[in-house]
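Take a walk through this structure. Start at the ligand, then turn to the backbone.

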Amino acid sequence: MSDLPPIQPQPGIMEIALYQGGAAKIAGHDSVLKLSSNENPYGPSEKAREAVARAAHQMHRYPNTDHASLRQAIAEVHGLDPDRIICGVGSDEVLQFATQSFAGPGDEIIMTEHGFSMYPILTHAAGATPVVVPETERRVNVDAILDAVSDKTRLVFLTNPGNPTSTMLTEDEVRRLATGLPGHVLLVHDGAYTEFADDDFRLDFALADDFANVLSTRTFSKIYGLGGLRIGWGYARRPLIDVMNRVRQPFNLSVIQLAAAEAAMRDRAHVERCRTENVKWRDWLRNALLDLGLGCDESHANFVLARFADEATASACNEALLAEGIIVRKVAGYGLPNCLRITIGDEPSCRRVAHVIGRFMAERG
Ligand code: PMP
């Protein structure tokens with residue numbers, strides 16, 4: 001740092017730990033199986049690929065700034081008001097709009113013990129202070145959140161279903177949280193995985209209808225298979241959307257992103273197929289892990305959390321998987337040192353990862 005002054009970072013910036021989420025690299029393996037980032041094993045809709053090819057002819061043009069066509073597609077598919085939708089570079093950017101718009105130095109932002117790693121980053125970037133509340137057996141504890149609210153609280157992050165826990169709150173619990181929060185606190189319902197939870201999960205939209213202080217976010221990175229393109233969106237009452245549009249860069253989404261997302265949103269058959277396959281292989285993999293004597297909560301997402309006896313066993317299993325070219329996610333940084341998060345791949349991937357874990361457990365005795 002000694003060669004930096006007199007240039008100084010803003011308060012909070014140096015509290016941010018550099019993001020460590022990249023997948024482990026494995027040298028010398030012909031067929032690396034990446035099950036570490038909750039990506040869609042079936043890829044995006046063919047229609048999205050075609051839309052990208054067409055949009056490539058427009059690369060010399062600036063994109064629309066209001067995302068009207070994409071917002072219209074989202075609104076038609078989900079039965080929503082397009083004027084209450086905001087789109088960002090991944091839902092990460094929508095979460096950033098929220099922290100930047102509604103929190104600053106001296107403010108507090110509540111997140112839960114096993115919450116998503118971007119929350120503290122965005123909180124510090126806004127100069128605010130993260131307040132981390134405990135979960136109960138890897139489930140969000142609504143009372144713990146409500147107890148942590150102070151005059152300084154500006155925002156609460158709720159991931160539902162949770163990442164990396166895969167557990168989910170009931171509608172009653174989520175509504176109790178929304179009802180219990182003071183009106184000046186924004187509740188962010190982060191629904192990155194909601195499409196895997198239920199055929200037609202609408203609680204996040206209903207909350208944004210019923211409460212003036214709710215922002216619900218969703219992503220194209222997971223069930224839509226577009227993680228590489230970076231597109232997400234949020235739904236809230238118009239006054240909140242109006243505020244957040246002021247911090248949004250006008251050209252935040254490219255012509256490629258916009259075209260791909262719109263085509264992907266309209267291809268419901270692809271979404272359905274991905275959802276059905278995910279449910280089938282998620283249940284299969286969970287049962288396989290339970291049969292091996294591991295802990296595994298019921299998952300509402302596109303991954304499962306395998307729970308080992310202790311951290312040493314989880315690490316040793318991770319090494320055994322890496323040796324076979326399989327990358328899963330260690331989640332010690334999320335307060336879950338004895339767990340490994342495994343993305344639900346296609347059938348051969350699920351069988352392969354279960355086989356290697358089974359062999360590891362057998363050798364371990
Ligand atoms: N929220 C949660 C809980 C996530 O797991 C992720 C991605 N890992 C995101 C938000 C952000 O996703 P994206 O920016 O790709 O939309």
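Predicted model: local features only at pLDDT ≥ 70, side-chain atom pairs only at ≥ 80, totals over all residues.

The ligand is surrounded by Gly90, Ser91, Asp92, Phe116, Thr159, Asn163, Asp190, Ala192, Thr219, Ser221, Gly227 and Gly232. Residues are numbered from 1 along each chain as its sequence is written.

Helix α3 (residues 90-102) gives the largest share of the shell, three residues. Helices (H or I, at least four residues) and strands (E, at least two) are DSSP runs, numbered from the N terminus. The shell has two nonpolar, eight polar and two charged residues. Here Ala, Val, Leu, Ile, Met, Phe, Trp, Tyr, Cys and Pro are nonpolar, Asp, Glu, Lys and Arg are charged, and the others, Gly among them, are polar.

Now the backbone. Most residues other than glycine have a negative phi, and most peptide bonds are trans. Asn160 and Pro161 are joined by a cis bond, with omega about 0 degrees. Another cis bond joins Asn163 and Pro164, with omega about 10 degrees. Pro161 sits in the loop between β5 (153-159) and α6 (171-180). Pro164 lies in the loop between β5 and α6 as well.

Asn38 has a positive phi, near 55 degrees. Asn38 is buried (20 or more other C-beta atoms within 10 Å of its own, C-beta atoms being placed from the backbone), with 21 such atoms. Its place is the loop between β1 (33-34) and α1 (46-55).

Note on methods:
Near = placed C-beta within 6 Å. Buried ≥ 20, exposed ≤ 12 C-beta atoms within 10 Å, placed from the backbone.
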